[in-house]
Amino acid sequence: MTHVINQGMAMYWGTSRWSAMEIMEAYSVARQFNMIPPVCEQAEYHLFQREKVEVQLPELYHKIGVGAMTWSPLACGIISGKYGNGVPESSRAALKCYQWLKEKIISEEGRKQQTKLKDLSPIAERLGCTLPQLAVAWCLRNEGVSSVLLGSSNPEQLIENLGAIQASARGSSCLTPALLQGTMRLGPHFLKSFSTLCLVSGLLRC
């Protein structure tokens, strides 16, 4: 990769789905032989998939500056809210090649996730944004996240998701007692992350 970068074919390089140990090993080898180390790790990250980005990668971020380039902020559409009452025929999960997604949605764990999302929807409304926008903004609030990769089926969906930037900048009043009380049902870990998002939003608004 050092040769590729030196030839001007790339500016940086990163890893995808590597463990923290593998990334650290690559960094150490690169430093040892005077080569260019990786600068980011591509990892899945959303409300229901958090361990790697929040538990495993922070040490690398603080020690060697490796950031996270996260993907699937809406969990393959699960966090979009469209599966709250089952699987619509026009949705991706209804396609034969996405049978695995349908099974995930209708599973016991999937139903629990939809219940949590229903609790989260009023909070999004209070913040003046949609559930997908809140989900993307929540990913952006993590200091170790360098960027969030978005996928969309049409221009309208992309524009809506990009509205997460405005949602992040609209938060000085979101830390009200009533709003925080509403997040308690989603669990203490979400409450901590949500509070961080609101604090950052307040700073961005100033």
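The second largest pocket of this predicted model holds about 360 Å³ of space. A pocket here is an open set of points, on a 1 Å grid over the protein atoms alone, where a 1.4 Å probe fits, with protein on both sides within 12 Å along at least five of seven lines; lining residues have an atom within 4 Å of a point. The volume is the space filled by probe spheres set on the points, which are joined across faces, edges and corners. In this predicted model, local features need pLDDT of at least 70 and side-chain atom pairs count only at pLDDT 80 or more, while totals for chains, interfaces and linings use all residues. Residues are numbered from 1 along each chain as its sequence is written, and side-chain values use heavy atoms, with hydrogens and water left out.

The lining of the second largest pocket has 21 residues, and Leu74, Gly77, Arg92, Gly151 and Gln157 lie nearest its centre. Helix H8 (residues 155-162) gives the largest share of this lining, 3 residues. Helices (H or I, at least four residues) and strands (E, at least two) are DSSP runs, numbered from the N terminus.

The largest nonpolar core has 37 residues, of which Leu60, Ile79, Leu120 and Leu134 touch the most other members. Such a core is a set of buried Ala, Val, Leu, Ile, Met, Phe, Trp, Tyr and Cys residues joined through side-chain atoms within 4.5 Å. Buried means under 20% relative accessible area, exposed over 50%, and partly exposed in between (1.4 Å probe, protein chains only). H7 gives the largest share of this core, 7 residues. Helix H7 is itself mostly covered, with 9 of its 10 residues buried; among them are Leu134 and Trp138. Leaving aside neighbours within four places in sequence, Leu60 is in contact (heavy atoms within 4.5 Å) with Ala20, Ile23, Met24, Gly65 and Val66.

The strands form an open sheet of 4, in the order E1-E2-E3-E4, with parallel pairing. Strand E1 (15-16) and E4 stand at the edges with a single partner strand each, so one side of each has no neighbour in the sheet. Two strands pair if DSSP finds at least two bridges between them; strand E3 (residues 67-71) and E4 are joined by 3.

Finally, the backbone deserves attention. Most residues other than glycine have a negative phi. Asn34, however, has a positive phi of about 55°, and Ser72 has one of about 60°. Asn34 counts as exposed, at 72% relative accessibility, whereas Ser72 is buried, at 12%.
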